[in-house]
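Dear colleague,

Please find the structure below, together with a short account of what was found in it.

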Protein chains: 2
Amino acid sequence: MNRRRTTLADVARAAGVSSTTASLVLSGRGAELRISEAVQDRVRAASSELGYRPNIVSIGLRKGTTRTLGLVSDTVATGQMAGDMIKGAIEAARERGFMLFIGETEGDPAAESALLEAMQDRQVDGILLTSMFTRARAVPKQLDRIPTVLLNTLPSSPTRYPAVVPDEVEAGRAAARLLLEAGHRSIHLVGAGPGPDDVAPDTVAGVERLAGIREVLHEAGLQPASAHMCDDWVPPQGFAAAQEVLAVDPSPGAIVCFNDRLAFGVYQALGEAGLRIPDDVSIVSFDDYPMAQWLRPGVSSFAIPHEQLGRRAIELLIAQVTGKPADAPEDGVVHRLALPLHARGSIAPVLAGA
Amino acid sequence: MNRRRTTLADVARAAGVSSTTASLVLSGRGAELRISEAVQDRVRAASSELGYRPNIVSIGLRKGTTRTLGLVSDTVATGQMAGDMIKGAIEAARERGFMLFIGETEGDPAAESALLEAMQDRQVDGILLTSMFTRARAVPKQLDRIPTVLLNTLPSSPTRYPAVVPDEVEAGRAAARLLLEAGHRSIHLVGAGPGPDDVAPDTVAGVERLAGIREVLHEAGLQPASAHMCDDWVPPQGFAAAQEVLAVDPSPGAIVCFNDRLAFGVYQALGEAGLRIPDDVSIVSFDDYPMAQWLRPGVSSFAIPHEQLGRRAIELLIAQVTGKPADAPEDGVVHRLALPLHARGSIAPVLAGA
DNA sequence: ATCCAGCGCTAAATCGTGTTAGCATCCACA
DNA sequence: TGTGGATGCTAACACGATTTAGCGCTGGAT
């Protein structure tokens, strides 16, 4: 009926040794310090007998390291994305014996500052500074003395911290190539464009996807057949943009939607106009929301690798936390992760002679 | 160029007092123990001068309490729901000076056990045992000695822990009443029914929504016009079920969809059959996914109050953690939170004489 | 003169672990 | 016989806070 946790002292007593010895044995430094095999066995036996687990709080006090990381996010509640990115981070951390504090700031700098304080009060070993939408931002000075990795975030001025972001430029290129390879020459954009700056403010994804698309079209000697910037990427705006597309071109060959919610609206507009996908219009999109697989036909969409982003960021952070200062990563490296295509039925080749 | 955090000893030294005195003053017990105002002022001045913040790890070691809670979930990555529930929990915790560890088990009991160990190693003050889908489960014995609240989870055998769940029975009643009040008498169910046990296994939401619906229909002297159980509540099953509905009744008056994804499929099937919502068919649904607002017309849907569930659970847990054992809550209370209706355009009244 | 109470503060122990410095023993060797 | 080194372990302190017990002083009552 013991309600206390068993401590190192309990183990030592049970094994008939000092707690120093028990500590050395259990931390694997027994051989190094020439503790006899007999004693080591006694200690280990006592430890597992009593179900001993080291008190990490105590270790934290003594060593200053808690095997704990803090994930600071602007919002956790933004659709699927949040979940998957955090899931990847949590899993990668658990695999390495770390736990994660999760906090959100709602974009409020004061809240962010308070959160960072609260985490440092708890002696976190490192911080993951995270956005749910890829964006550039200043890195608070509070992070000067603590290992940090930027997740889905770019520093607005150069920092020494590594960043992990999706490779949106390459995804834009891939989307354009996909349509070109299917033989399309008349390609409309819904969400951004035509100029490189015709993008809703602060959307890194918009800027970069557009850049990739324009680059590939340009190399093929093309311009977008039309382009429709939307300041919020939601279905009603996709619906309206698709109607504009139909106004300039009653039978548009292909449409690049800047995300799946826009694509949803585009589907609705095309459906109401009596056009069929993919026979009349081919669609390609980004994000791969769950919705993309449930539209009829499913939308071919480039998926943001949220879970991998989370994992990768944690791996970098833990390397930085546990590694020697010597082999620290080069300053300010930006890791860009590819967006895999989830091909569905929304793209058809252009028939020869069409 | 001091890189160390300032400690209580630093403050005491700067104020010219012992660290005992500094501790008493800063913890507010100064007056009680008759520390002179002059000294109290010196201590507080030194504290804010040096930017002192107590090291919670140290307090944790001494007092055994860390102002930290653990949220153990089966999955964090399930749609919007996860995010909002966790968001509510995080916010409520922060407001009270607590931080949250978040962990997920993927339903694996071994992983869950390891996670609970890891959290207890870090001296969490309490545990929130969470499911992303409401379900009943056994509560692990590991939790015997630590304050616990069940979130979106019911105990499969009685426990002393409080639980917080959405009030699905009442939502079912409300959905049925909504259609009855609009004059509908021919009401089809898509997702579960007609019998009370015709429900996909382990879905508390299905059982309870169905119970509420049946109760109200029964009181009105009605049976469901038809019912179609689906073992997975996704659009293709909704699509198929709607086709079955149309097979038995080419002009169904109203359909209750057991969630919005099913409703999406129902919309697709009705659209392809040339029926209009709400003129030809009225639809009511549950969950209020983002999708519900983007369908045309929007779906009237009962929203699971995820954020409130998270908040409420944290409030109960913190009360349990900080409260005196005397005023502990009664054992095993189940708190049921109402699902508010988000009314949109999917319901029309039956025309008189129709 | 002695004792006690009240005042205002502090020394020291404590929480559970890691780490540094060092102790006792034994053996080999000059 | 004494020296030096290897061997195998432990005492004691440190981490940063809280808490218990108590110290020295003063003034008034006995």
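**Findings**

In chain B, His188(B) has Ile255(B) of β8(B) as its bridge partner. Strands here are DSSP runs of E with at least two residues, and helices are runs of H or I with at least four residues, numbered from the N terminus.

This is a predicted model, in which local features need pLDDT of at least 70, side-chain atom pairs count only at pLDDT 80 or more, and totals for chains, interfaces and linings use all residues. Residues are numbered from 1 along each chain as its sequence is written, chains are lettered from A and ligands numbered from 1 in the order in which they are written, and side-chain values use heavy atoms, without hydrogens and water.

Strand β6 (residues 187–191) of chain B runs parallel to strand β8 (residues 254–257) of chain B, and 4 bridges join them. Two strands pair if DSSP finds at least two bridges between them. An open sheet of 6 strands in chain B has the order β7-β6-β8-β9-β10-β12, with mixed pairing. Because β7 (226–229) and β12 (341–342) of chain B each have a single partner strand, they stand at the edges, and one side of each lacks a neighbour in the sheet.

DNA strand C is surrounded by 22 residues, where near means a heavy atom within 4 Å. Sugar and phosphate make up 59% of the atoms of DNA strand C within 4 Å of the protein. α4(A) gives the most to this surface, with 4 residues.

A polar side-chain atom of Arg62(A) is 2.4 Å from a base nitrogen of DNA strand C, a polar contact being a pair of N or O atoms within 3.5 Å.

Kind regards

Methods
A polar contact is a pair of N or O atoms within 3.5 Å; within protein, one must be able to donate a hydrogen and the other to accept it, and residues adjacent in sequence count only if both atoms are side-chain atoms.
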